[in-house]
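Thank you for coming, everyone. Please have a look at the structure on the screen, and then I will walk you through it step by step.

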Amino acid sequence: MDSMFYRCTNLKSLPKMNGVKPGSMKEFFQNCESLRYIPDDYFDDWDLSVMVSGSAYNRPQQNMFYGCRSLRKLPKRIIQNLSKLTQK
């Protein structure tokens, strides 16, 4: 699921997708310039284990939010998974 919403510059809200198990979230929202927030429950039933896999050279979440200039808030679940990376 690399680059799922890549360059969707006018994307303001997200469609609900249930039971997703992405192989990677690389560049997932990259350059979604109009996206302001992602609901806290958006990723609740996703398998996000891929976010804490990989190595220093191959991060499956690389550039996930790059260029999201309007994004003001991330879901707690994303923050929790990203914080696990710093513990490795």
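Let us begin with the overall layout: the protein has 1 helix and 0 strands, where helices (H or I, at least four residues) and strands (E, at least two) are DSSP runs, numbered from the N terminus. Please keep in mind that this is a predicted model, in which local features need pLDDT of at least 70 and side-chain atom pairs count only at pLDDT 80 or more, while totals for chains, interfaces and linings use all residues. Residues are numbered from 1 along each chain as its sequence is written, and side-chain values use heavy atoms, with hydrogens and water left out.

Of the 88 residues in the protein, 35% are buried; here buried means under 20% relative accessible area, exposed means over 50%, and partly exposed is in between, with a 1.4 Å probe and protein chains only. The protein exposes about 5400 Å², and carbon and sulfur atoms supply 48% of that area, as computed by the Shrake-Rupley method with a 1.4 Å probe, where for residues only the protein chains shown count as cover. If we take the contacts (heavy atoms within 4.5 Å) with a separation of 6 or more, residues 24 or more positions apart account for 70% of them.

Which residues touch the most other members of the largest nonpolar core? Among its 21 residues, they are Phe 5, Phe 29, Ile 38, Phe 43 and Trp 46, and a nonpolar core is a set of buried Ala, Val, Leu, Ile, Met, Phe, Trp, Tyr and Cys residues joined through side-chain atoms within 4.5 Å. Leaving aside neighbours within four places in sequence, Phe 43 is in contact with Met 25, Phe 29, Ile 38, Leu 48, Pro 75, Arg 77 and Ile 78.

Next come the aromatic rings, meaning those of Phe, Tyr and Trp (its six-membered ring), which pair if their centres lie within 6.5 Å, with planes under 30 degrees apart counting as stacked, over 60 as edge-to-face and the rest as tilted. By this rule the count is 9 aromatic pairs. The rings of Phe 5 and Phe 29 count as stacked because their centres are 5.6 Å apart and their planes are at 5 degrees. This pair links distant parts of the chain, 24 residues apart, with both Phe 5 and Phe 29 in the segment before H1, and both residues are buried. Phe 29 also forms a stacked pair with Phe 65, since the ring centres are 5.5 Å apart and the planes are at 10 degrees. Phe 29 and Phe 65 both lie in the segment before H1, so the pair ties together parts that are 36 residues apart in sequence. Ring pairs link Phe 5, Phe 28, Phe 29, Tyr 42, Phe 43, Trp 46 and Phe 65 into a cluster.

Finally, a word on the backbone. Most residues other than glycine have a negative phi, yet Arg 7 has a positive phi of about 60 degrees although it is not a glycine, and Asn 31 likewise has a positive phi of about 60 degrees. Is each of these two residues buried or exposed? Arg 7 counts as exposed because its relative accessibility is 56%, whereas Asn 31, at 16%, counts as buried. Leaving aside neighbours within four places in sequence, the contacts of Asn 31 include Arg 7, together with Tyr 6, Cys 8 and Tyr 66.
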